[in-house]
Structures are given as C-alpha cells and as structure tokens.
Amino acid sequence: MRTASPFDTRSRSRDIRTNQAAIKTPHSADHRLRLQVIFCVRGVASPLLANVYLHYVFDLWANRWRQREATGDMIIVRYADDIVVGFEHEADARRFWEAMRERLQEFALSLHPDKTRLLEFGRFAAANRERRGLGKPETFTFLGFTFICGRTRRGDFQIHRKTRRDRMQAKLTEIKEELRRRMHQSIPQQGRWLRQVVTGYYNYHAVPTNSRALEAFHYHVIDLWRRTLRRRSQKDGSTWERIAKIANDWLPKPRILHPWPQQRFAVRHPRWEPYAGMPHVRICAGGAQ
C-alpha cells in the first residue's frame with residue numbers, strides 16, 4: 001500500500017516563503033526577527049516533534065525504498081526513534097542499512113552504533129544456524145521487551161516477548177525506594193499505592209509469553225513490601241503467610257491482559273496481507289541519535 005504525504009510539497013514551500021516575509025518588521029528593513037532552531041530533549045513535545053520529523057525523514061522514504069528497491073517481503077515498525085525493519089532476503093537488509101545511513105546523514109542524523117545491528121531472526125533462523133554449526137538465534141530488545149525465537153508446546157515457531165531484565169530491576173529499585181519513604185504509612189495506604197503501581201506495570205507488560213516475568217515481578221514486589229514492614233519494628237512478625245494474605249487483598253494477580261498479535265492485527269486490519277502473520281527472517285534494529 002502506497003503511503004501519501006498529507007501535505008503537498010509545492011504548497012509547503014510557498015507557506016515557508018510567506019512566513020519568512022511576514023516576520024519582517026514593517027517600520028524598518030534593518031530590523032528583522034531571527035529564527036533559531038533549538039533541540040527539545042526529554043520534554044513533553046519531544047516525542048511529538050520526533051514523530052513528525054521522522055515521518056518525512058524516514059517513514060515516507062522507507063516506504064518508497066520498499067516499493068522500488070526491495071526484492072522480497074519487507075516490514076517496518078517505528079516508535080519515535082526506535083526502529084525495527086524485517087527483510088526476507090539478507091541482501092535487501094544490507095542495502096537498506098547502507099541507504100538508511102546515507103539518508104540520515106543528509107539531515108545531520110546518525111544510527112546509534114551500539115543499538116544498530118543486523119541479525120538473523122525468524123521461523124527458519126534456528127534451523128539455518130544449526131546447519132552452519134552456529135548457536136541459537138540472537139535476540140533483540142524493542143520497547144522494553146526482549147524478542148526471542150521460541151516454540152509453542154506443539155513445536156511450532158513462535159516469537160516470545162519477555163520483559164527486559166534491566167527495566168524490571170530499575171522498576172523494582174524505584175518501588176523499594178518509594179516504600180522506604182512510605183514505611184510508616186498504614187498498610188491500606190501502602191496497599192492502595194502499590195496496587196496502582198502494579199496495575200500500571202501489568203497494563204504494559206502483560207503480553208502473551210511473558211507470564212514468568214510477571215510472576216517474578218509480583219514475587220519481588222511482595223518481598224520488598226514484607227521487608228519494608230519488618231523494618232518498622234524489630235518485633236514485627238511479618239511472615240510470608242501474613243504478607244501473602246495482605247498481598248492477596250491489595251495486589252492484582254499476574255495474568256495476561258493483551259491479546260495475541262495475530263488477533264489484534266486481524267481486528268485492526270481485516271484485509272491483511274498474505275504474509276502478515278509470518279515473521280520475516282531478517283531484523284535490523286536501531287535508533288537515530
């Protein structure tokens with residue numbers, strides 16, 4: 001499907017000339033307002049500006065490249081400056097990587113050297129690497145998850161998503177510090193706050209194939225809460241039995257909340273492409289800096 005720009009190039013250039021003429025001071029030609037482009041990093045508008053900018057710098061260009069240059073199937077997923085591109089053929093992946101580097105250089109952007117790589121991934125990756133005497137397919141991280149080439153219980157190929165370990169540890173550290181500050185609050189007050197935190201965490205991370213990570217997070221949150229209650233007094237007898245009962249009253253159970261990708265894709269895109277449910281072989285992951 002061809003992606004069209006919502007703005008015409010010629011009308012956009014006319015608008016720019018009009019705006020430049022409008023900023024002249026009417027009283028004197030020597031007094032003019034000067035425009036300066038500044039960077040907005042980690043602000044409220046930063047993700048929005050990055051999305052708008054990369055839509056023209058990357059999205060439209062990548063779609064044209066897919067239509068004109070790709071010799072096999074190709075998929076593109078971008079969230080802000082995090083990008084994953086999948087290819088059927090390795091040659092397409094390498095040509096796109098080089099073309100993408102040149103494209104970003106035109107706008108004074110570059111690929112992050114530590115986050116950009118080419119790897120073999122997909123339903124045939126394990127068998128192909130085994131024939132070449134290599135190990136398991138590599139994994140990659142995207143939007144807080146680690147993507148793994150896995151299998152279903154019947155032995156069919158399945159992409160497994162697992163919460164990144166460093167992200168979970170960072171969240172647990174944040175909860176631990178906040179529990180220390182709330183140490184002398186009543187159990188209902190602590191329970192209401194923890195329920196909000198855990199519910200928000202599950203709303204994002206409760207995806208299929210991530211059950212073990214959710215259960216581990218649930219266990220560590222209960223353990224942190226138990227340690228916090230024990231610190232309030234040397235005579236505190238908060239045993240696992242007592243804290244488990246308290247956790248059952250206040251904390252939600254870990255369970256999968258999101259549908260499987262093929263179900264969500266079929267709902268939003270009923271006229272899906274023949275290969276939409278088949279993960280592609282090559283993944284190029286990275287971001288712009």
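Arg78 stands opposite Ile83 in strand S2. This pair comes from a predicted model, so keep that in mind as you look around. The strand S1 covers residues 74-79 and S2 covers residues 82-87, and the two pair in the antiparallel sense over 6 bridges. Together, S1 and S2 form a hairpin with 2 residues between them. In that turn, Ala80 has a positive phi of about 55 degrees. In a regular strand, side chains alternate between the two faces of the sheet.

Now for a residue from another part of the chain. Ala50 lies in helix H2, which spans residues 46-68.

Ile243, Ile246, Ala247 and Trp250 are buried in H8. These four cover an arc of only 100 degrees around the axis, which means that they sit on the same side of H8. On the other side of H8, Glu241 and Lys245 are exposed. What do the buried residues of H8 pack against? Their partners are helix H6 and helix H7.

| Helix | Residues |
|---|---|
| H2 | residues 46-68 |
| H6 | residues 187-205 |
| H7 | residues 211-231 |
| H8 | residues 240-250 |

Conventions. Residues are numbered from 1 along each chain as its sequence is written. This is a predicted model: local features need pLDDT of at least 70, side-chain atom pairs count only at pLDDT 80 or more; totals for chains, interfaces and linings use all residues. Side-chain values use heavy atoms; hydrogens and water are left out. Two strands pair if DSSP finds at least two bridges between them. Buried means under 20% relative accessible area, exposed over 50%, partly exposed in between (1.4 Å probe, protein chains only). The arc is that of the directions from the helix axis to the C-beta atoms. Contact means heavy atoms within 4.5 Å.
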